[in-house]
Amino acid sequence: MRKFFLLLLLGLFVFLKLSPITQVFSEDDINSLNLDQINTKLSELQNALSSSQKATAPLESQVASLQTQLKGIENRVAAIEVDLAEKKKFIDEGYKELEANKDVFNKTVRDYYIKSYFFSPLLIFASSTDAANVTRLIVYQKKGADKDKDTITSLALKLVDLENRKAKLEDEESKLSSVKDKLASEKGELDKVVKGAKDYQATLTNQIAQLSARQKDILNQRLGSLNIPTTAYTSQGGCSDDRSVNPGFSPRIAFFTYGVPNRVGLNQYGAKGRAEAGQNAQQILQAYYNADYTTGYNTGINIHVTGTNEYGQSFDTNWNIEEYLKHVYEIPATWPAEALKAQAIAARSYALSRTNNGANAICPSQSCQVVKQEQNAQAWIDAVNATSGIVLTSGGNPITAWFSSTHGGYVFSSGDIGWSGTSYTKHATDTTTGSASSFSDLQSNAYDKGSPWFYCDWGSRASYNKTAWLKPSEVADIVNVILLARADSSTNEHLYQTDKANPAGTDTWNEDKVRQELRNRNINPYSNVTDISVNADFGVGKTNSINISGDGGSQNISGDEFKNWFNLRAPGNLQIVGPLFNTEKQ
């Protein structure tokens with residue numbers, strides 16, 4: 001009966017040639033994803049989950065991103081569910097209203113057809129002798145027919161619209177049910193991946209913790225041999241950019257670190273970049289510390305300097321704090337004045353904190369901060385004078401205002417690098433945009449991009465044009481060492497670099513021996529690496545993992561694990577020195 005009624009109304013709709021009415025629930029009311037888009041998004045997430053599950057070490061950052069996306073979809077589904085309930089309520093109320101107007105509709109249709117097909121002006125003329133009365137009767141009849149026509153049209157369109165809405169609602173409810181089932185399935189799969197990722201990370205943490213004390217000492221010694229600069233004033237080497245240097249073989253692979261290991265506090269080259277961008281000393285310091293910019297601090301404190309600096313000068317000297325600062329050599333005096341002022345305030349704060357306001361002594365070398373017997377250049381002295389009595393404080397006390405030459409686009413808190421946590425150090429992205437999403441972002445926007453130590457392959461060896469380039473087979477050997485150490489930690493003492501004596505007093509296994517030991521454990525070794533890429537967390541500033549492909553298959557190795565074993569196994573004094581590193585292949 002309803003179908004017949006609908007067909008009748010549709011016929012009247014066509015007959016009357018009226019335009020459709022505007023829908024009450026427009027698409028603009030749904031501000032984000034619709035159900036079809038959600039299905040597409042869920043399929044994309046399923047593919048991402050499948051990829052993560054296939055990886056040896058699913059990345060927690062990737063999993064967290066998937067969780068965020070699924071949570072957003074879950075919230076969107078809930079909103080759509082509420083919207084569908086409102087639509088259903090509206091439709092039900094519409095049908096009730098139509099039912100109440102059913103008698104009106106039937107009578108109006110009857111009257112309309114009577115007035116349209118049986119009305120004749122001759123009948124009016126036959127019953128009236130007055131032309132004016134005839135005219136009024138015709139107009140009255142016409143208005144009545146038009147009113148009936150409008151009533152029929154309104155009711156017809158309302159039912160047509162309700163039927164269309166009902167059909168669309170039923171389709172959306174069907175899709176919603178499917179989406180909810182799929183969403184529940186995806187969440188279940190994601191929970192498995194999260195658990196797997198955490199289990200893997202726990203295993204990895206234990207494996208890293210198993211590094212012997214000897215291995216840790218070796219890592220520290222090799223790092224120290226690079227003479228990594230802690231001050232922008234020095235011109236010492238250790239870092240290079242070999243991208244334009246041919247080692248004499250190809251293909252070739254090298255590992256480039258962003259910045260130097262200590263990224264806490266003032267980034268000296270970053271301060272230079274910020275000063276060149278127009279920032280003043282206070283703005284520069286606020287970018288690197290969570291501390292109070294305090295003026296009028298006691299300038300009468302004496303600083304006792306004892307020890308020997310990098311220039312062979314010995315000290316057992318007492319200087320007033322302001323005089324002491326005039327002998328500090330941490331950044332070139334040719335740099336912008338605001339950068340010099342920022343460094344002077346940081347150096348003053350550091351000295352006062354390190355000595356407990358003069359109660360203890362301070363060394364004159366990079367282990368503290370570099371000073372010389374002679375005063376620095378006039379531009380530096382001017383910066384010291386201009387900032388006299390200005391100190392960075394926390395709780396009223398001077399802070400240990402750490403600084404280093406180059407941060408590589410990021411600022412770390414003291415707790416981030418394993419030091420004691422402090423409230424006045426911060427974690428931030430040190431770029432002109434305040435963020436980074438790729439290595440190219442850092443290369444373009446980091447405030448310290450002008451530093452010679454911003455992007456370096458650290459170390460070298462006598463052969464291959466004294467570069468840090470490695471052959472694919474040498475990278476394959478490092479991967480094999482990692483696989484063997486994972487499988488059997490008792491082999492660790494045999495896995496040091498092959499071009500130096502074994503520090504454990506035993507034999508070091510070469511590439512062939514490592515491959516054979518893997519085969520003995522039913523593990524497929526690599527002889528060649530054909531592709532290598534890096535996954536980095538650009539919010540944190542750390543390399544999360546290395547993806548390796550070659551004749552041994554594909555491996556996903558955490559950034560920390562790869563860096564540790566690279567630094568133990570790589571030839572010469574090649575090193576990855578910081579948390580964020582990239583790979584270059586030519």
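## Helix H8 against helix H11

In this predicted model, helix H8 passes helix H11 in a right-handed crossing; a crossing is right-handed if the near helix is turned clockwise from the far one by less than a right angle, and left-handed if anticlockwise. H8 comprises residues 268-276 and H11 residues 337-354, the helices (H or I, at least four residues) and strands (E, at least two) being DSSP runs numbered from the N terminus. Their axes come within 8 Å and cross at roughly 140°, where axes are lines fitted to C-alpha atoms, for helices over the stretch in contact, and angles run from 0 to 180 degrees between N-to-C directions. H8 and H11 are therefore oblique to each other; angles under 35 degrees count as roughly parallel, over 145 as roughly antiparallel, 65 to 115 as roughly perpendicular and the rest as oblique.

On the H8 side, Gln268, Ala271, Lys272 and Ala275 are in contact with Glu338, Ala339 and Gln343 of H11 (contact means heavy atoms within 4.5 Å). The residues of this contact divide into three nonpolar, two polar and two charged. In this classification Ala, Val, Leu, Ile, Met, Phe, Trp, Tyr, Cys and Pro are nonpolar, Asp, Glu, Lys and Arg are charged, and the others, Gly among them, are polar.

## Helix H9 against helix H11

The axes of H9 and H11 come within 8 Å and cross at roughly 55°. These two helices are therefore oblique to each other, and their crossing is right-handed.

Ala281, Ile284 and Leu285 in H9 meet a set of H11 residues: Glu338, Ala339, Lys341, Ala342, Ile345 and Ala346.

## The buried face of H9

Helix H9 spans residues 281-288, and its buried residues are Ala281, Ile284, Leu285, Ala287 and Tyr288. Buried means under 20% relative accessible area, exposed over 50% and partly exposed in between (1.4 Å probe, protein chains only). Seen down the axis of H9, the buried residues fall within an arc of 155°, so they line one face of the helix; the arc is that of the directions from the helix axis to the C-beta atoms.

The cover over these residues includes helices H8 and H11 together with strands E3 (266-267), E4 (292-294), E8 (391-394) and E11 (410-411).

## The chain and the basis of the values

The protein chain contains 16 helices and 17 strands. Buried residues make up 46% of its 586 residues. Among contacts between residues at least 6 apart in sequence, 75% join residues at least 24 apart.

Residues are numbered from 1 along each chain as its sequence is written, and side-chain values use heavy atoms, with hydrogens and water left out. Local features need pLDDT of at least 70 and side-chain atom pairs count only at pLDDT 80 or more, whereas totals for chains, interfaces and linings use all residues.
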